[in-house]
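Please keep the sequence and the 3D view open while you read.

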Amino acid sequence: MSFHQSALAQKTSDDRKRIAAEMENSIRTEMLNKWYPQSVDKEFGGFLSTFTYDFKPTGPQDKMIVTQARHVWTTAKAAERYPNVAYYKDNSRHGFLFLRDKMWDKQHGGFYTLVDRQGNPKNASTKVAYGNAFGLYALSAYYHMSHDTAALNLAKKSFNWLEKHSHDPIRKGYFQDLAPDGTPLKRDASTPSTASTGYKDQNSSIHLLEALTELYAVWPDPLVRERLNEMLHLVRDVITSPKGNLILFLQPDWKPVSFRDSSEAVVLKHRSLDHVSFGHDVETAYLMLEASHALGLKNDTKTLQVGKRMVDHALANGWDKKVGGFYDQGYYFKDKPGMTIIDDSKNWWSQAEGLNTLLLMADRYPNDPMQYFANYKLLWQYCQTYLIDHQYGEWYEEGLDKDPERKTSNKGHIWKAAYHTYRALSSCVDRSNGKH
C-alpha cells in the first residue's frame, strides 16, 4: 500500500468513526428520546401517532397497524440495544398488548388497518397485506426481545392467516387488498383506473420479505423458509426491472402495470401506480441481502449483483449530485431521453434507507467508481443540514432544501414514526463498529 493509499484508508476509517458517533448521538438525543416514553398512550393503550413540529401530541390520534407495529418493533430493538433503559421493554410490551387486544380481528383474524384512539375499528371494510406484514414483523421482534410465547403464538397465527387468505398458491406472492374476512379483492369494470385494488405490489412484497426474515429468525419453520425464499426470488427476479428499479404494481400474474405507452398527462394521472421510486430501490437492495443472509445462502452473487444494480441505478438517475439526497420520483417517458424527475422532493425515509444501503455497498465495493462511501458521507451531511431537526428532534418529512415549509409540519403521523430512521442509523453504527 502506497503512502497515499494508506492516508486515504486512515481518513476513511476516521470518517466512519466520526459519523457513527454522530449517528449514535442523534439516535439517543434527537430520536428515541423524543418518541419514548412520550408517545405511549397510557389511557387507551398503544402509541400516540401524531405530533406537531415541536413534538406536542395533536389531533384525534387514530391508530394504524403500520405505525403501532413499527413502534413495537423499534422499542423491542431499542430494548436489546440499550438494556439499561428499562422503559423500552415496558413500552414494547404495552404496544404488543394493543396489537393483540385491539388491532387483531377476533372474528375473522388478521389485523385491522385503522382503529380510533380507543381501539374501535375504523374504515374496517378492508384489510391489507402490507399492514399485516408489519404486524408480523413487530411480533417477531418483540418475541426475540422478550421471549413472551404469547407473541410467538400470535406471530404464527398471523403468518397462517396471510397464508390462508393473502398468499397466491398458483402464481405465488401475496394479494395486497383483502375483504374483512380475508378474501382477496379483484378489479372489475367499476374499479377506477387510478386505484390499486386487485393488483400485487412491490411495497407489500418487500415488507413481507422483511417480516418473513424477522419471523424466520425466531421460528425457523420449513414453510416460513419456503415463503421467504419465494419472496426473495419474486422481488429480485420478477418485480425488479432489468434497469434496476422496482415495478410498483403488477397484475395477479406479475405482468407490470404500466402507462408508458400513454400520453404524458395519462402517465402523470396514474403516477401513484407507475413511477420509479428511488427510495424503495435502495431500501430493497438492503432487504434482499438481509433475507439472503437469513436464509444462509452462501456466495449469493446474484442477490448482491441485483442489489448493486438497484443502488447504482438510483445514484445515476435519482441522486442530487450537488448537495446529496435521493429524489422521490422519476419516470422513463417514451418520447424523452433517459430519466425525468417528476418529484424532486427528498422524503425522510428514502434518505435514512439510503445511508444504510450506501454504507453496506461501500463495505462490499470499497473501490467502486460509484463512490459509495463518498456518497454516504454526502448523504449524512445532507441529513444533518436539511432533515434532522436539531432543535426539536426527529426528522422533517422532506428535506428543507426542496420543501422549506416542512419545518413546521407534523413530525409524527400515522405514516411517520421512528422505524426507518432508527433502523438505518443503528445499522450504520453497528456496521461502522464491525458488528455486521
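The second largest pocket has 35 lining residues, and Tyr130, Asn203, His280, Trp349 and Trp415 are the ones nearest its centre. A pocket here is found on a 1 Å grid over the protein atoms alone: it is an open set of points where a 1.4 Å probe fits, with protein on both sides within 12 Å along at least five of seven lines, and lining residues have an atom within 4 Å of a point. The volume of the second largest pocket is about 820 Å³, where volume is the space filled by probe spheres set on the points, and grid points are joined across faces, edges and corners.

Please bear in mind that this is a predicted model, in which local features need pLDDT of at least 70 and side-chain atom pairs count only at pLDDT 80 or more, while totals for chains, interfaces and linings use all residues. Residues are numbered from 1 along each chain as its sequence is written, and side-chain values use heavy atoms, with hydrogens and water left out.

Which helices build this lining? H3, H5, H7, H10 and H12 each supply at least two of the lining residues of the second largest pocket. H7 gives the most, with four residues. Helices (H or I, at least four residues) and strands (E, at least two) are DSSP runs numbered from the N terminus.

The largest pocket holds about 1,100 Å³ of space. Its lining has 34 residues, with Tyr286, Glu290, His293, Arg431 and His436 nearest the centre. Helices that each supply at least two residues to this lining include H3 (65-81), H5 (129-146), H7 (202-218), H10 (278-294), H12 (348-364) and H14 (419-432). The table sets out the two linings by residue class, with Ala, Val, Leu, Ile, Met, Phe, Trp, Tyr, Cys and Pro counted as nonpolar, Asp, Glu, Lys and Arg as charged, and the others, Gly among them, as polar.

| Pocket | Lining by class |
|---|---|
| Largest pocket | 10 nonpolar, 10 polar and 14 charged residues |
| Second largest pocket | 11 nonpolar, 16 polar and eight charged residues |

Now to the charged pairs. The whole structure contains 37 salt bridges, each being a side-chain nitrogen of Lys or Arg within 4 Å of a carboxyl oxygen of Asp or Glu. One of them joins Asp300 and Arg236, whose closest N and O atoms are 4.0 Å apart. Asp300 sits in the loop between H10 and helix H11 (301-317) and Arg236 in helix H8 (residues 222-239), so this pair ties together parts that are 64 residues apart in sequence. Both Asp300 and Arg236 are buried; buried means under 20% relative accessible area, exposed over 50%, and partly exposed in between (1.4 Å probe, protein chains only).

Another salt bridge pairs Asp401 with Lys346, with 2.8 Å between the closest N and O atoms. This pair also links distant parts of the chain, 55 residues apart: Asp401 is in the loop between helix H13 (372-387) and H14, and Lys346 in the loop between strand E9 (340-343) and H12. Asp401 is partly exposed at 27% relative accessible area, whereas Lys346 is buried at 0%. Elsewhere, salt bridges with shared partners join Lys11, Asp15, Arg18, Glu22 and Lys377 into one network.

How many disulfides are there? The count is zero, a disulfide being a pair of cysteine sulfur atoms within 2.5 Å. For Cys383, the nearest cysteine sulfur is that of Cys428, 9.5 Å away. Cys383 is buried at 0% relative accessibility, and Cys428 is buried at 1%.

The model also has an open sheet of three strands, ordered E1-E2-E3 with antiparallel pairing. Strands E1 (63-64) and E3 (121-122) stand at the edges with a single partner each, so one side of each is left without a neighbour in the sheet. Strands count as paired if DSSP finds at least two bridges between them, and two bridges join E2 (residues 114-115) to E3. Leu114 has Lys122 of E3 as its bridge partner.

Finally, some backbone details. Tyr36 and Pro37 are joined by a cis peptide bond, with omega about 0°, and Pro37 lies in the loop between helix H2 (32-35) and E1. Gln61, in the loop between H2 and E1, has a positive phi of about 60° although it is not a glycine. Gln371, in the loop between H12 and H13, has a positive phi of about 55° and is not a glycine. Is each of these glutamines buried or exposed? Gln61 is buried at 4% relative accessibility, while Gln371 is exposed at 54%.
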